Amino acid sequence: MKDFVLLISKTPEDRTFVERAAQIAGIPVRVVDSIESAGKVFQAGEIPQAVFLDLPEERSYREFDQLVNAQSRQFQEALLSDRLHFLISQNIDECPYLIAGPYAGNILKRSRALEHGGEHYGRILQGTLSQRGPELLGTEFKNRGGVTREFVLGRTIEKQSAIEKVRDLFVEHGFLGRVAEVIATAADELLMNAMFDAPVDGAGHQIYSKVDRSTDLQLVGRHAVKMVVGFDGAYGAVSVVDSFGSLERTKLLKHVLKLYKDDTYHLGTEVAGAGIGLASVFQLGGSLFFFSEQRKKTEVIAFFKRAETFREYRGHFRFLTMQFR
Amino acid sequence: MKIKKEQDGGRLIAHLQGPLENSFDFERAIGPVKGDLVLACSGVPRINSEGVKAWIQYFESLKKKGTHFSFIECSPAVVQQISAISNFACGGNVISIQVPYVCTKCRHESVVLFETADLKKSGNSVPDAACPKCGGQSVFDDIEEEFFAFLKRS
Ligand SMILES: [Zn+2]
């Protein structure tokens with residue numbers, strides 16, 4: 001694997017964004033303006049560390065698919081979905097082919113402010129290339145003079161007071177009230193996912209999926225749930241870790257897609273559990289980073305832009321990053 | 001979440017207070033409804049996915065029973081759900097909503113109450129307001145197409 005990031009795009013904003021992100025991750029960038037030109041790079045036997053691809057329409061996706069299929073097996077195995085970053089301007093529901101296909105590891109939804117997001121995404125990129133998982137909150141905020149706070153929950157009923165504390169913490173530190181409520185909701189969804197959706201038995205069946213979310217359960221041993229929240233001048237984040245590693249990429253993406261259908265999501269009275277709450281965090285304007293080691297652990301981190309107004313917060317670029325090992 | 005009830009002639013007004021989380025039991029908290037039900041939603045700061053489920057289950061069951069219900073003073077968090085989820089209002093009438101504002105001078109967040117009928121007439125455009133804290137200019141603070149999406153559907 002060669003030490004470079006390949007950007008396939010004609011857009012100057014993409015270039016500014018990816019160059020900054022790659023600089024933070026400490027890797028040089030090579031830019032080509034078409035999938036055909038990318039083919040020439042691949043044919044020279046060079047496998048990049050990561051590929052960023054502008055995806056304006058389904059045709060580009062099909063073209064990329066053909067290109068990957070034309071490569072050697074060794075190439076295909078090296079360039080997993082973990083290393084592919086798709087840049088889209090449309091809503092996620094407008095590219096179902098991406099969700100259904102095998103490549104959707106990392107999806108970036110552009111906004112006007114994309115070029116300013118490079119620094120933040122650089123650390124995400126670093127996380128995707130690291131083998132031991134992101135541990136982003138430990139390093140990300142502490143190293144840059146930010147604040148982190150850790151919550152260890154002993155019982156499920158401690159969730160309520162923990163998320164109130166999260167809300168108050170962000171308000172105290174100057175986040176908009178509405179954004180603090182969104183962050184509290186995200187903390188709630190991440191905790192519910194770790195407490196009730198993640199636990200599986202030896203056969204991989206969910207243990208508590210049918211259990212009412214107000215049930216008082218002890219969180220000991222493998223069921224222990226840790227939440228870390230952190231923030232600095234630019235971002236706020238919530239991370240929740242469980243020790244089951246049971247999250248599935250296809251299920252997660254299906255829920256994200258469902259939330260976006262027709263710009264609204266029509267819920268029946270019987271709503272499937274795992275994933276829908278996590279997907280709703282993305283809809284509320286958060287970015288999501290999933291790191292899952294099968295049967296070992298899942299870490300979900302939600303990031304929120306610190307902004308002067310809610311409109312600015314909503315206008316920020318968002319990403320959905322999924323690393324399944 | 002807590003619910004304060006108030007009988008007003010032929011209608012029951014239920015004031016919702018607090019975040020809507022987990023499987024909140026509306027049926028038990030509101031009790032039997034004689035006549036119309038009005039939900040006053042200004043006190044709901046956030047709703048999680050379980051709260052959404054409980055809400056839809058309750059109002060769908062009311063609809064099946066033929067009970068008339070409507071929503072007033074919907075907080076931004078409630079409006080966000082009504083706009084994002086096409087069946088969140090379950091056929092109930094959304095009478096008035098709290099529109100979020102932010103002061104251009106001191107950044108104070110506030111809300112201004114609007115009747116949805118008036119919003120429809122004005123094509124969803126809301127005028128600037130005076131900041132309740134400093135008197136400066138306060139402006140609408142959300143994405144218009146997203147926040148008011150439900151008005152286009154009804
Ligand atoms: Zn002011």
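How many bridges join β8(B) to β9(B)? Two bridges join them, and the strands run antiparallel. This is a predicted model, in which local features need pLDDT of at least 70, side-chain atom pairs count only at pLDDT 80 or more, and totals for chains, interfaces and linings use all residues. Residues are numbered from 1 along each chain as its sequence is written, chains are lettered from A and ligands numbered from 1 in the order in which they are written, and side-chain values use heavy atoms, without hydrogens and water.

**The sheet**

Strands are DSSP runs of E, at least two residues long, numbered from the N terminus. Two strands pair if DSSP finds at least two bridges between them. In chain B, four strands form an open sheet in the order β7-β6-β9-β8, with antiparallel pairing. β7 and β8 of chain B stand at the edges, each with a single partner strand, so one side of each has no neighbour in the sheet. B:A129 has B:S138 in β9(B) as its bridge partner.

**The zinc site**

Donors are N, O and S atoms within 2.8 Å of the metal (3.2 Å for Na, K and Ca); water is not among the atoms, so sites may look incomplete. The SG atoms of B:C103, B:C106, B:C131 and B:C134 coordinate the zinc ion at 2.2 to 2.4 Å. Their spacing along the chain is C-x2-C-x24-C-x2-C. B:C106 and B:C131 lie 25 residues apart and link distant parts of the chain.

Buried means under 20% relative accessible area, exposed over 50%, partly exposed in between (1.4 Å probe, protein chains only).

| Residue | Relative accessible area | Class |
|---|---|---|
| B:C106 | 31% | partly exposed |
| B:C131 | 4% | buried |
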